[in-house]
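Me: Please present the structure, and then let us discuss its ligand site and its domains.

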Amino acid sequence: MKQSRTWWKEGIVYQIYPRSFQDTTGNGVGDIKGIIKRLDYIKNLGIDIIWLCPVYKSPNDDNGYDISDYRDIMEEFGTMADFEELLEQMHLRDLKLVMDLVVNHTSDEHHWFQESRKSRNNPYRDYYHWWPAEKGTPPERFSYFDIDGNAWKYDEPTDSYYLHYFSVKQPDLKWENPKVRQEIYDMMHFWFKKGVDGFRMDVIPFISKDTDYPELPEKYDGNFIPFYADGPKLHEYLHEMNREVLSKYDIMTVGETPGVARDQALLFVDEEREELNMFFHFELMSLDRDGDEVFWMRKDSWKLTEFKKIHSDWDKIFADKGWGSMFLGNHDFPRAVSRWGNDSPEHWYNSATMLHTFLLTMKGTPYFYYGDEIGMTNIRFDSIEDYQDINTLNRYELLKDKGVDLDDFIANEKEASRDNARTPMQWDSSKNAGFSEARPWLKVNKNHKKGLNVAEQEKKKDSVLNYFKRMVQIRKNHLGLVYGNYELLLEDNEQIYAYTRSMDNDKYLVLLSFSEDMATFQLKNSITSNLNLLISNDTNQAFKNSGDFELNPYQACVYKIS
Ligand code: GLC
């Protein structure tokens, strides 16, 4: 085994979007008490680590990714006492808690920004990026959620513009100022001293910027990340953060790293560099997108050979150093089964369980997003009225102004929108799916009435949920599935993803069909001579004889090779 053993490599992560998980107060919004109520359920899934999306005080322009007080809890979600109770209850169950660290920007309602905008010589002025209007219009910068796509916002009191790569209510912090870094490090100590077990770091490569704000170069093609994120001091800051904070605790870190290319990967996670433990690369998340347009679906379909290549190439990067993270979705992307599988009634069960098999048999820490364990699907809202996400709403306005066909946009959002992944958790078949007594902040998917809910799946032996639990136990009982070498088979096959995992004398064969048709193929006798089936999501006997296999649509099989 090349990598050292660590809890966050062997653990299985469950991501909670607190707004949508469980409401206990009857206001249609999930809360911390709701999470506490469901801890036994989560523990029972076999989960080890919970990543909790932001619960800090926030005016909710971007559902908590706009923080107005890093040391307080959002009122809708509860109190600090609730949070402490959550942490205590989690630790009693041997569950770790990873918080979201959103430090590229704050809310414009954060005290620092309120001060910063007051005058040009305010002590907090240099906490944010300002451009004095007398220098003219600032060099072009793109903003994700701005209604005009412009990252500079003119602010009247000081006759200056401030920078916001996300919404106008999310001004970017100026990490170049050592005081800002110290404030952030102090805040991180505050949470670690409470006992939290790690951070997922929001858009972390964006923190370092060229503060001369140069004009965009000629070769700028709409993909701004290489030009004005991932700045010159990024690794200096991450190393400093590690030295000042991270290294002092037994915790885990995972960066969200849009735009980070393969050849930069080890700069973040090579243990010797003392920066982060893991990160989420964006290559898979971009596979079904239109070039650099991360929120537009591509016109043709993605190919399984492309999917396999991404995973195989990234596996090589972490072969000896660093560690990967395996995920198929999160709160920013559509539901995994709708996107990478097939959520039509005939294929939904097999494809949801096949995707579970994939994440739980690959090398790298697996991350599941709440509701994936029961196979939750995209809601595909038809009307703009139903959408709640600032990303969809503001782009709708922007495109309306540009005269773009809005039907096309809605068709796109039905597949791509972040709200697809944010609908309330489906606990049972009752009115609001057991999520809330009141009208939920975002509509519940009607398929909770058709078996897509926890209560019914718990009772049914062959449910997506029960398959998930069995597959989790298989990973836990076979260390080779965590640390073993990965080897791709059938590289060019467009229906089947097949690979082996091996560690010392333990060897496994994983066969996954990504096809809605029956697939036949052959594997070498040296691999198939002694196969013991550990699990399959289909009764079809895949192994025929002398290396011949036949897989039903979306069938998955894991064998131990003896
Ligand atoms: C990250 C978050 C996303 C948020 C954005 C701005 O990409 O995952 O939800 O909107 O950063 O904080």
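Reply: Domain bounds come from an automatic or database domain assignment. This is a predicted model in which local features need pLDDT of at least 70 and side-chain atom pairs pLDDT 80 or more, while totals for chains, interfaces and linings use all residues. Residues are numbered from 1 along each chain as its sequence is written, and side-chain values use heavy atoms, without hydrogens and water.

Me: How far apart do the C-alpha centres of domain 1 and domain 3 lie?

Reply: Domain 1 comprises 10-105 + 178-468, and domain 3 comprises 485-561. Between them, 25 residues of domain 1 are in contact (heavy atoms within 4.5 Å) with 27 residues of domain 3. Their C-alpha centres are separated by 30 Å.

Me: Which side chain has an N or O atom 2.5 Å from an oxygen atom of the ligand?

Reply: The ligand is surrounded by 14 residues (a heavy atom within 4 Å), with Asp62, Asp202, Glu256, His331 and Asp332 the closest. A polar contact here is a pair of N or O atoms within 3.5 Å. For Asp202 the distance to a ligand oxygen is 2.8 Å, and for His331 it is 2.8 Å. The side chain at 2.5 Å is that of Asp62.

Me: What percentage of the ligand's accessible area does the protein cover?

Reply: Accessible areas come from the Shrake-Rupley method with a 1.4 Å probe. On its own, the ligand has 310 Å² of such area.

Note on methods
Polar contact = N/O pair within 3.5 Å; in protein donor to acceptor, adjacent residues only side chain to side chain.
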